Amino acid sequence: MIMLGLLSPHTYPRYVQIFCRSFKPTTIHRCQSFSISCQSEEYIRRFISENTEIVGEQSLTPEVKLRLFTQNCRFWRERPELWPFDDPYWAIYWPGGQALSRYLLDNPGVCRDKTVLDLGSGCGASAIAAKLCGAAHVVANDIDTVAVVATQMNFELNGLEPPVCLTNNMIGAQAKGFDLILLGDMFYDEALASSLHSWLQYCIKTHGTKVLIGDPGRAQFVEHDIRQFLRQLAQFDLPESVKDENYGLTSSSVWCYCPEL
């Protein structure tokens, strides 16, 4: 769900800049040209298998395996215009998502027997962590259809049945029935943060939903008015490789949304 144009150079990894720098002007045209392929799950699965690497040991959650984009992958060196889909933000394990997933794995009672929505699920790591912790029902939501396939593949990679995956924009929608909403690295833009603030507040007051947020301290997050409604639950030191990829960010935190604060 992350759009490159809304991010400053210091909010996303170095290799994402290299990979996505020239995608924006041609993304829509390419996806239309590849419309049949974009709609074929078999094609997408094969493409993901051939153009990602199974990693995880260098993250905050070494017990979770993910198919991600690395320097060993073809498109690290390939011409960006040959990439047939939207920008591959599902292929990055973002630091907020890492902290959120680590927190869930360390505190399985948060998810056990709960119905969980992973909003902006990307690679599906937080949804995987929720399922590993015994969540009764997990829904992964991302507007990128390729991210949905990647999530399904990552669930299978970890020996799990794929979750329910939704590609509609759920921000502002009726989200009753969820005990817990997870958001990793979603507060990268002030306007989006404001819309999330209103919607999350509605979900909590109307449905009693619990909300957990993972973020490494982006300015759009820590400087937004929403910050006054958050209570920090945990902070994790990032592995050295993650620090290098994210311009020296040293830690990432998990927050609980508390409108009553």
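Two strands are said to pair if DSSP finds at least two bridges between them. The model described here is predicted. It contains an open sheet of 7 strands in the order E5-E4-E3-E6-E7-E9-E8, with mixed pairing.

**The sheet**
- Strand E5 (164-166) and strand E8 (230-237) stand at the edges with a single partner strand each, so one side of each has no neighbour in the sheet.
- From one strand to the next, the twist averages 20 degrees.
- Strand E4 (residues 137-141) pairs with E5 in the parallel sense over 3 bridges, and Asn141 stands opposite Leu166 in E5.
- Helix H8 (residues 190-207) lies across strands E3 (115-119), E6 (180-184), E7 (210-215) and E9 (251-257), and runs at about 160 degrees to E6.

**Aromatic rings**
- The whole structure holds 13 aromatic pairs.
- One of the pairs joins Phe47 and Phe85 edge-to-face, with 5.2 Å centre to centre and 90 degrees between the planes.
- This pair links distant parts of the chain, 38 residues apart: Phe47 belongs to helix H4 (residues 41-51), and Phe85 to the loop between strand E2 (66-68) and helix H5 (95-106).
- Both Phe47 and Phe85 are buried.
- Ring pairs connect Tyr43, Phe47, Phe75, Trp83, Phe85 and Trp90 into a cluster.

**A buried charged residue**
- Arg67 is located in strand E2.
- Although buried, Arg67 has no salt bridge; Glu156, the nearest side chain of opposite charge, is 7.9 Å away.
- Beyond its neighbours within four places in sequence, Arg67 is in contact with residues including Ile48, Glu53, Met153 and Leu157.

Note on methods: Residues are numbered from 1 along each chain as its sequence is written. This is a predicted model: local features need pLDDT of at least 70, side-chain atom pairs count only at pLDDT 80 or more; totals for chains, interfaces and linings use all residues. Side-chain values use heavy atoms; hydrogens and water are left out. Rings of Phe, Tyr and Trp (its six-membered ring) pair if their centres lie within 6.5 Å; planes under 30 degrees apart count as stacked, over 60 as edge-to-face and the rest as tilted. Helices (H or I, at least four residues) and strands (E, at least two) are DSSP runs, numbered from the N terminus. Buried means under 20% relative accessible area, exposed over 50%, partly exposed in between (1.4 Å probe, protein chains only). Lys and Arg count as positive and Asp and Glu as negative; His and the chain ends are not counted. A salt bridge is a side-chain nitrogen of Lys or Arg within 4 Å of a carboxyl oxygen of Asp or Glu. Contact means heavy atoms within 4.5 Å. Axes are lines fitted to C-alpha atoms, for helices over the stretch in contact, and angles run from 0 to 180 degrees between N-to-C directions.
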